[in-house]
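Reader: I am new to this structure. Could you show me how to read it, feature by feature?

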Amino acid sequence: MGESKKRKRHRNKHGGKEEQPTLPSPSAKRTKLKEPSSFLEKMRARLSGGHFRMINEKLYTCTGKEALDYFKEEPSLFDVYHAGYKTQMSNWPEQPVNVIIKWLKKQSPSFAVADFGCGEALIAKSVKNEVFSLDLVSNDPNVIACNMANTPLDSSSVDVAVFCLSLMGTNYQSYLKESYRVLKPGGWLLIAEVKSRFDPNTGGADPEKFSNAISKLGFNSVKQDFSNKMFILFYFTKKEKQISKQKEIEWPMLKPCLYKRR
């Protein structure tokens, strides 16, 4: 009797066998296991992005010396910042550093270049010129770690000074004064900056006032390129006649470039 009861359990009311529950295939199990991994990757990306935005805001709202001390205390934050920076730049249709590299390739290969805030030193890796790659931290023997306002370069020693999205400190004026010091008379100053920083309608600086301030520093304004959607490019040359005593300059405030969470 016990056996017949057991058999009935495996039959439905029409006398047929009940369907056995199907077990998930090994491949289905593997698919489910991937979901937590994907979630963790998203969380890591969000945390990384949050760290980048925190460091980015810090760099825009402190002096160059404070930024240098900040990275000296925790050098790994420099890598976190540049990883986030690369992610942000990957969303831009065109990157300003590539425009600058194209321009340099049209100039004399004998020109010495100072790349202020060089990051991964892409300019030095892309042109035949001698390039002095300068940044707050150096993970590369070819990059000089220093304060952008006080570099080890000799006065009147370079033909081109570049600031590619690197006028970040509250004392950005001192970086430009340093570029004036190291440039030869007639040398080029190239500045690429996020366009929103120069939109007076949204709290940005007036590009004409910015250009005029640099001219008073001892430069001639050659060109302003607004053709790109994301950034603006300024081209200056250092005046041949040295200014013995620079006038008092009223520098416009450059608002921080704060990246939105994606």
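This is a predicted model: local features need pLDDT of at least 70, side-chain atom pairs count only at pLDDT 80 or more; totals for chains, interfaces and linings use all residues.

Reader: What helices and strands are in the protein?

Author: There are 8 helices and 7 strands.

Reader: How many of the 262 residues are buried, as a percentage?

Author: Buried residues account for 40% of the 262. The protein exposes about 15,800 Å². Carbon and sulfur atoms supply 52% of that area.

Reader: What do the contacts say about the chain?

Author: Take contacts between residues at least 6 apart in sequence. Of these, 65% join residues at least 24 apart.

Reader: What is the mean pLDDT of the protein?

Author: pLDDT is the predictor's confidence in each residue, from 0 to 100. Here the mean is 83, and 77% of the residues reach 70 or more. Over residues 1-14 the pLDDT is below 50. That stretch has 10 contacts in the model beyond near neighbours in sequence. Residues 27-36 also stay under 50. For them the model has 1 contact beyond four places in sequence.

Reader: Which way do residues in a helix point?

Author: An α-helix has 3.6 residues a turn, so residues three or four places apart point the same way.

Reader: Next, a single residue. Is I214 buried or exposed?

Author: I214 is buried, with a relative accessible area of 0%. This residue is found in helix α8, residues 207-218. Set aside neighbours within four places in sequence. I214 is then in contact with L176, L189, I191, F219, F236 and W251. L176 is also one of the buried residues of α7. I214 and F236 are 22 residues apart in sequence, with their C-alpha atoms 8.5 Å apart in space.

Reader: What about a charged residue, D115: where does it lie?

Author: D115 lies in strand β1, residues 112-116. D115 is buried yet has no salt bridge.

Reader: Which side chain of opposite charge is nearest to D115?

Author: That is K125, 10 Å away. A salt bridge needs the charged atoms within 4 Å. Beyond four places in sequence, D115 touches I123, V131, F132, S133, L134 and V162.

Key: Residues are numbered from 1 along each chain as its sequence is written. Side-chain values use heavy atoms; hydrogens and water are left out. Helices (H or I, at least four residues) and strands (E, at least two) are DSSP runs, numbered from the N terminus. Buried means under 20% relative accessible area, exposed over 50%, partly exposed in between (1.4 Å probe, protein chains only). Contact means heavy atoms within 4.5 Å. Accessible areas come from the Shrake-Rupley method with a 1.4 Å probe; for residues, only the protein chains shown count as cover. Lys and Arg count as positive and Asp and Glu as negative; His and the chain ends are not counted.
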